[in-house]
Amino acid sequence: MQELTKFQKRLKFENKVASGLITLGGYGVIVSVLLIFFFLVSETLPLFWKTSLEKDFEISGKTPISIGMDDYKELVYQVYENGIISYYNIKQKKNVKYDTLSLSAGEKIISSSSTLEKDEIAFCTDSGRIINAAVLLTPEYSGNSRSIVPKLVNYEDFYGKESGKSLENLAFDKNENGNKFWVWTSEKKNVFIKIFDLEEDLNYTHKLTELTGGTKITASAINAETEVLFLSDENGEIFYFDISNYESPELKSHWKASNNEITAISFLIGGNAVVLGSKKGEVEIWFQIRNENDDVVFTKTQVFENHNSEITKIVPSQRNRTFLTVDKSGELHLNYSTTSATNVKFDNEKKGIKLVDFSPTADVIIVADDNSKIGFFNLQNEHPEVTVNSLFGKIWYEGYSKPEFVWQSTGGSDAFESKMSLIPLIFGTLKGTLYAMLFSIPIAIFGAIYVSQFAPKNLAVIIKPIIEIMAALPSVVIGFLAGLFFSPLFEKNLLLIVLLSVAAPILFVVIISLWGLIPEDKRRKFSNTWELTFVFIAMVLVFMIFWGISEPLETLFFDGNVKNWLYSNFNIGYDQRNSLVVGIALGFAVIPIIFTITEDALTNVPKSLTSASLALGASKWQTVQRVVLPAASGGIFAAIILGLGRAIGETMIVLMATGNTPILDLSLFNGFRAMSATIAVEIPEAPVGGSLYRVLFLTALLLLIFTFIVNSLATYIGDKLRKKYARY
Amino acid sequence: MKINVQNSISASFTTDLSKEKIILETKNVDLCYVPQVRTLTNVSIQIPEKKVTAFIGPSGCGKSTLLRCFNRMNDLIPGISIKGLITIDGIDIYSPETKLEELRKKVGMVFQKSNPFPMGIWENVAFGPKVNGIREKAELDEMVESALIQADLWKEVKDRLNNSALDLSGGQQQRLCIARALANKPEIILMDEPASALDPISTNKIEETIDELRENYTIIIVTHNMQQAARVSDYTAFMMIGEMIEFNATSKLFTNPEKKLTEDYITGRFG
């Protein structure tokens, strides 16, 4: 083989480098799109991971009455029936300290009730005494090491008994003002409530037996924040007390909640929802809603998986709406109120469950069984509030009168129930897109037909670049104008705007067709400038006419104010930032896309086809209608689809001009909340790794899939069409 | 009838059209695509009715341009200017009273490259009648059938009238275009090199079709192929650089041309 010359060698090298770089670029694009996709998927997937509960370690010892843990999961306290409190260090695997509750000789603790935050506990003894105490586990720092320092604080104690009988159904809670509430029964039927008002330093004790009618009370729950007391009796009857008037607690209502005896009651975080557990193992959530008669009543809203055995305990989490239910057979369920889901079922190896509680961070569940073993279980339950059903289905949220699609991701307090239905967002995106398309499609397509088929060439070369410049306008500028300039303008001149968008085109067409009355040969003599001038004068004329009549019309037919008239006659509200404004602003962004592609498609219709049509005696318009438009239909469709893709993904305009209200209402006169705008608005509020954060990523993924489908469709149709017309 | 035409390149030529009825006539037609550059210069010709007239000449001689003047397809070109007189049945087709759509209905056209619409066969043929206002399905069916029979295509496509016209072969497509022009019941059919893109067999078929049509239609055909002109036409016009050099009965023009230029061209000395 002949030796390559220097030049040939260089050429070969350059070819290799160039083809390498180009290949790299090509694959790079594909890889980066895939990377984005997989990144979004990987951020989204943890939302749907199953809840897991795994045993970490266990300790042995007597079964305690009460158990707790510090925030750092280093120290465990256990309160035993003899009043001894032991502190167990998890790292050192031994008890490091003991404390004693002062009990009289032979006195035993039989039950306890604590606040949700566990900052204060009430104990009930067999001699009818109620003792309030707090076990404080405070971290102390010396240098780099942290140690948890336990401390027992004794508060008040008092006798709750009436006649030496033992007490049952103790419930205790304390509110943020320091007011305390205790409720208990004696002989299962006499109900007592004691209220301590810190500010007044007054105690109130009331006997409620007359109000409950002396039936056998089976369970009690008290919520100090909402000042509500719930009692249940053996017939499944619920007594609902308002205890906000400390001098006289009031029985607000009572109703039969179940055919079976209710054996456990507990409030969830926030104090609005109450969980009931029955003897037959039913678990239900009730909360107050407004019924058809506008009365506020407690209603059963959620039903959970049946235990098939008597419910003995309901333990709410202090972090979220998770709660544990335990039955007599020793089975434990982990439920989430919003989603009505039972995420974990756990039978503790059939050893039975005496006591169960959450750690303060709610990621450890402590289970004491009948065999003097206390197990510590790690709970992996990052996103219990998100399920496929909660994202796309109707959910009955606390305080709502029926199941609904709601987006309300963040609230004022920890007790806020986040509502993350994507339906209002998807709806918002589609609504904005719909109005934008309604506005832009006719203008863009008629404009493209005019420019490509009818406009004189010198005019077409001006219009095309102008419309292409529209595409270069930053959407933040359009959004700014729409939100701050056009919204108030539209609000002020609503009737004029409606007239201009509906009646004006009709009048305009009528005036323009007058031009057609001039015989063709005479028209031919006028230059294009004349035609344009005529069109321009017609536009100004139409605008002036409607400008002139809109105010008299408003006074004459709409009682002087269209907005009020709409509201009083049709109950249609008018928001300043509404879909009309967005439709036009978003449409403005979409017009150049549809126009440019449609214009290309129309111009690319083979000349031979139009010639054939004209040669057969078809008029210009007949040719456009019967030959050009059908031949370009695929291209026009692709243009519309690409415009749709732009409208779906557009962020700034919808963010600035919609008001971002996540409502499900098609009305032109109120706003919406689009998926893209939601991501932009809420990312700063979403803690990394949190549910909202991941749901926003899911929204982004959905947007990506939407636009991917839309663009692929456009490409597919465009390709098919190109093949069809390739032969001309 | 004998006419004498003064021509700038050469002396007059004589054409014996005494036996013919004249359907189309041009008088001193000048045409400029670009101002001051004449594509047609002083063209005067008479086209006899129900005969086949062929226009021959080297590329760029203006034969297609002249053809397109007859159904005013040139109107679309911006900046064009046409002077002189063109009449059909004695009526000036460029007068303001002439309706363009009427003219084109009367003067059909078949293009160099077949250009069926991307629709069914039936739709293609019915296009002309439809745009000219015929709405009755039965009437359209009849027109479509008769046009296809005349274009010699009926037998091949009668069972698949709804199939796409684009599935036909090249020759069939061109005959479909002829049928499409015939469906309008024109008086004159202009053919702009109708067989130039076809194979010999298809060309032969087109020529047979033209032969059958000559009884009922006036056909003006532009062709590069002199044998084709000789085979199909009754009269032949030879053009060069925008001028009409010679127009005569085909047999005469090919065997005994009056002009040296014509002789040089038909014997292949240039062109």
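Residues are numbered from 1 along each chain as its sequence is written, and chains are lettered from A, with ligands numbered from 1, in the order in which they are written. Because the model is predicted, local features need pLDDT of at least 70 and side-chain atom pairs count only at pLDDT 80 or more, while totals for chains, interfaces and linings use all residues; side-chain values use heavy atoms, with hydrogens and water left out.

Chain A splits into domain 1 (6–48), domain 2 (54–402) and domain 3 (423–726), with bounds that come from an automatic or database domain assignment. The C-alpha centres of domain 1 and domain 3 of chain A sit 37 Å apart. Even so, 9 residues of domain 1 of chain A touch 10 residues of domain 3 of chain A, contact being heavy atoms within 4.5 Å.

Now for the strands. Helices (H or I, at least four residues) and strands (E, at least two) are DSSP runs, numbered from the N terminus, and two strands pair if DSSP finds at least two bridges between them. In chain A, an open sheet of 4 strands runs in the order β14-β15-β16-β17, with antiparallel pairing. Strands β14 (217–223) and β17 (250–256) of chain A are the edges, and each has a single partner strand, so one side of each lacks a neighbour in the sheet. From one strand to the next, the twist averages 15 degrees (axes are lines fitted to C-alpha atoms, for helices over the stretch in contact, and angles run from 0 to 180 degrees between N-to-C directions).

A hairpin is made by β26(A) and β27(A), with 5 residues between them, and A362(A) in its turn has a positive phi of about 60 degrees. The two strands are antiparallel and joined by 4 bridges, with D357(A) partnered by I366(A) in β27(A). In a regular strand the side chains alternate between the two faces of the sheet. Along β26 (residues 355–358) of chain A, L355(A) and D357(A) point one way and V356(A) and F358(A) the other way, and all are buried (buried is under 20% relative accessible area, exposed over 50%, partly exposed in between, with a 1.4 Å probe and protein chains only).

Aromatics come next. Rings of Phe, Tyr and Trp (its six-membered ring) pair if their centres lie within 6.5 Å; planes under 30 degrees apart count as stacked, over 60 as edge-to-face and the rest as tilted. The whole structure has 29 such pairs over all chains. One of them joins F486(A) and F490(A): the ring centres are 6.1 Å apart and the planes at 70 degrees, so this pair is edge-to-face. Both residues lie in helix α6 (residues 475–492) of chain A, 4 residues apart, about one turn of the helix. F486(A) is partly exposed at 33% relative accessibility, whereas F490(A) is buried at 6%. W565(A) and F570(A) also pair edge-to-face, at 5.5 Å centre to centre and 70 degrees between the planes. Here W565(A) is partly exposed at 21% and F570(A) exposed at 51%. F230(A), Y240(A), W255(A), F267(A), W286(A) and F298(A) form one aromatic cluster.
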